[in-house]
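I am opening a notebook on a structure that is new to me, and I will write down what I look up as I go.

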Amino acid sequence: MENPRPAPGGPTLKVAGHNGLNGLDVIELVSDDGVDYKDILVAHSVNGNGFKTLDSSEEDPSGGNDDDEEEDDFSESQFEDNAIEELGDEYLFDGRPGACTYEEAHAYRQQLRTIGPQEFCAITVEAGKISAKKLLTAFGVRPPPNLDGSPDEAYYTLLGLAISRELSKRIKLPQYNTLDDAAELLKKSRNIIVLTGAGISTSLGIPDFRSKDTGLYAKLDHLGLSDPQEVFDIGVFRRDPSIFYSIAKDIIPSNDRFTPTHGFIALLQKLGKLLTNYSQNIDNIEALAGILPEKIVQCHGSFATASCVDCKWQCPGEMIFSEIKADRIPRCPKCLAHARPPVKRKRSHNGEKKRRRNSYDDDSSDDYDDPPTFGVMKPDITFFGEALPDHFSERLTNHDKHKVDLVIVIGTSLKVAPVSEVVPYLPPHIPQIYISRTPVSHVNFDIDMLGDCDVVVTELCRRAGWNLEHEMIPDNQEVDIHLQDGFKSRHIFTVRK
């Protein structure tokens with residue numbers, strides 16, 4: 001049997017404290033004789049699955065005890081995503097070797113919050129009750145394969161981060177569990193925040209980003225990118241806009257339709273219940289559904305307008321759609337009017353690697369250089385590396401945080417910061433509902449409703465006594481709903497064939 005207790009004089013896990021400030025914790029690893037074993041780690045929870053590590057020579061970003069200033073400085077949060085590989089609770093039910101059961105995991109989480117991290121570490125890992133590797137699974141972290149065969153001490157740093165993440169999570173409100181609970185929340189709430197992602201548009205044929213095999217990122221191997229997210233990287237766009245425009249026609253709005261889920265949000269607005277729709281989508285379909293500009297924050301911008309990357313001339317987004325659909329890079333007419341004519345010159349064929357060519361070259365002949373990047377029009381969507389609009393943080397921190405009485409998250413895995421931090425930033429006593437095809441484990445929602453977003457919101461409206469009229473809702477649609485095994489508030493929706 002594995003002995004998880006560290007050797008005398010070896011490292012022990014010491015969690016120096018949890019201050020509850022936007023998930024900021026200080027974790028220190030020391031040896032039994034008091035000698036520093038590892039640099040202090042300042043762990044900043046990112047939607048529960050990422051942490052920033054500082055060397056001991058770097059300054060603690062918490063800056064002392066100015067909690068109020070830190071708490072409201074939402075826009076300054078900088079995070080690293082996906083530093084920890086998640087292990088959802090659903091994987092704890094099948095008795096996997098080396099993993100805690102769901103009952104064990106639940107008990108360890110409660111014990112951690114009851115007695116605190118210092119005592120918890122002392123009576124578990126340090127007492128030899130459980131290995132650090134196995135304890136990781138109780139906190140939703142998959143032990144990294146590259147550490148297989150390593151001594152248990154190798155997992156201590158990761159365990160410290162997992163404990164920090166667990167303590168930063170909002171605690172589920174136990175009084176909300178059923179679909180009728182969700183319907184009652186809808187009926188009584190007056191200031192509802194709805195946070196939406198790409199999943200609410202997929203029924204129109206617009207792909208989401210992260211779904212396995214069918215998401216947009218899963219289809220970009222042919223571009224040769226080291227990370228598919230580079231297609232939305234502003235640095236990559238400035239160097240080679242053709243990479244983005246090779247996929248842009250797949251995500252621009254192609255008709256005047258909106259989904260039942262968009263209709264659901266519009267219904268909340270009509271009933272005077274919508275506080276704000278924070279949308280991560282760039283398709284601008286919310287406007288088609290009738291969501292008023294003062295009720296929506298398009299966190300990542302949209303295709304509604306486009307601007308020249310050089311002279312900043314702006315136009316309605318529709319003006320560049322024909323170019324995008326024709327596989328051409330849209331150009332700024334003002335910049336082109338002042339441009340010098342292209343220079344015809346032979347390329348060098350001295351054995352150097354040829355630059356990538358594609359259908360976006362203005363001239364397919366090798367007698368011309370690739371087109372210059374000046375005067376390129378860019379949809380006014382927020383790329384990685386660009387700041388979110390000021391309206392995002394201003395409305396959230398100065399307005400919505402103090403008025404919200406219900407949070408509904410629909411069609412997003414909450415993976416991209418800082419939008420992913422909206423939910424944990426809001427007051428923890430406010431009920432939270434999650435609607436999507438697959439669950440998330442880095443946020444403790446009160447009620448999870450898993451299935452097609454359109455199907456779920458239609459059923460919710462029916463239970464609330466509301467009539468959600470939409471051409472995409474089939475007549476006499478019947479839905480099977482059941483609890484996922486082992487869960488009291490996770491509901492699975494399936495349309496009956």
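Which strands does helix α11 lie across? I looked this up before anything else, keeping in mind that the model is a predicted one. Helix α11, made of residues 318–325, lies across β7, β8 and β9, and its direction is at about 80° to that of β8.

Entry on the sheet of those strands. I find an open sheet of 3 strands in the order β8-β7-β9, and its pairing is antiparallel. Strands β8 (314–316) and β9 (377–381) stand at the edges with a single partner strand each, so one side of each has no neighbour in the sheet. From one strand to the next the twist averages 40°. I also followed strand β7 (residues 301–308) to β8, to which 3 bridges join it in the antiparallel sense, and there I noted that Ser307 stands opposite Gln314 in β8.

Entry on the chain as a whole. I noted 15 helices and 14 strands in the chain, and of its 497 residues 50% count as buried. The accessible surface comes to about 24200 Å², with 48% of it belonging to carbon and sulfur atoms. Among contacts between residues at least 6 apart in sequence, I read that 65% join residues at least 24 apart.

Entry on the sheet of 8 strands. This open sheet has the order β6-β5-β4-β10-β11-β12-β14-β13, and its pairing is mixed. Its edge strands are β6 (296–298) and β13, each of which pairs on one side only. The twist from one strand to the next averages 15° here. I then saw that α15 packs on the sheet, where this helix touches β10 (406–410), β11, β12, β13 and β14, and that its direction makes about 135° with that of β11.

Within this sheet I compared the pairings of β14. With β12 the pairing is parallel, over 3 bridges, and Leu450 has Ile492 in β14 as its bridge partner. With β13 (residues 479–483), strand β14 (residues 490–495) pairs in the antiparallel sense over 5 bridges, and Val479 stands opposite Val495. The hairpin of β13 and β14 has 6 residues between the strands, and in this hairpin Gly486 takes a positive phi near 90°.

Entry on a helix pair. At what angle do α9 and α15 pack? Helix α9 (residues 260–270) and helix α15 (residues 453–464) pack at an angle of about 40°, and their axes are 8 Å apart. From α9, Pro260, Thr261, Phe264 and Leu267 meet Cys453, Asp454, Val457 and Cys461 of α15. Sorted by class, this contact has 6 nonpolar, 1 polar and 1 charged residues.

Entry on cysteines. Cys453 counts as buried because its relative accessibility is 5%, under the 20% cut-off, and Cys100, at 2%, counts as buried too. I also looked for disulfides, and the structure holds 0 of them.

Entry on a loop residue. Is Ser441 buried or exposed? Ser441 lies in the loop between β11 (432–436) and β12 (447–450), and at 16% relative accessibility this serine counts as buried. Leaving aside neighbours within four places in sequence, I find Ser441 in contact with Glu86, Leu87, Gly88 and Lys169. Ser441 and Glu86 are 355 residues apart in sequence, yet their C-alpha atoms are 7.2 Å apart in space.

Note on methods
Residues numbered from 1 in each chain as written. Predicted model: local features only at pLDDT ≥ 70, side-chain atom pairs only at ≥ 80, totals over all residues. Heavy atoms only, no water. Axes fitted to C-alpha atoms, helices over the stretch in contact; angles between N-to-C directions. Helix = DSSP H or I, 4+ residues; strand = E, 2+ residues; numbered from the N terminus. Contact = heavy atoms within 4.5 Å. Nonpolar A, V, L, I, M, F, W, Y, C, P; charged D, E, K, R; others polar. Disulfide = S-S within 2.5 Å. Buried < 20%, exposed > 50% of the residue type's maximum accessible area, 1.4 Å probe, protein only. Areas by Shrake-Rupley, 256 points an atom, 1.4 Å probe, with all protein chains shown as cover. Pairing = 2+ DSSP bridges.
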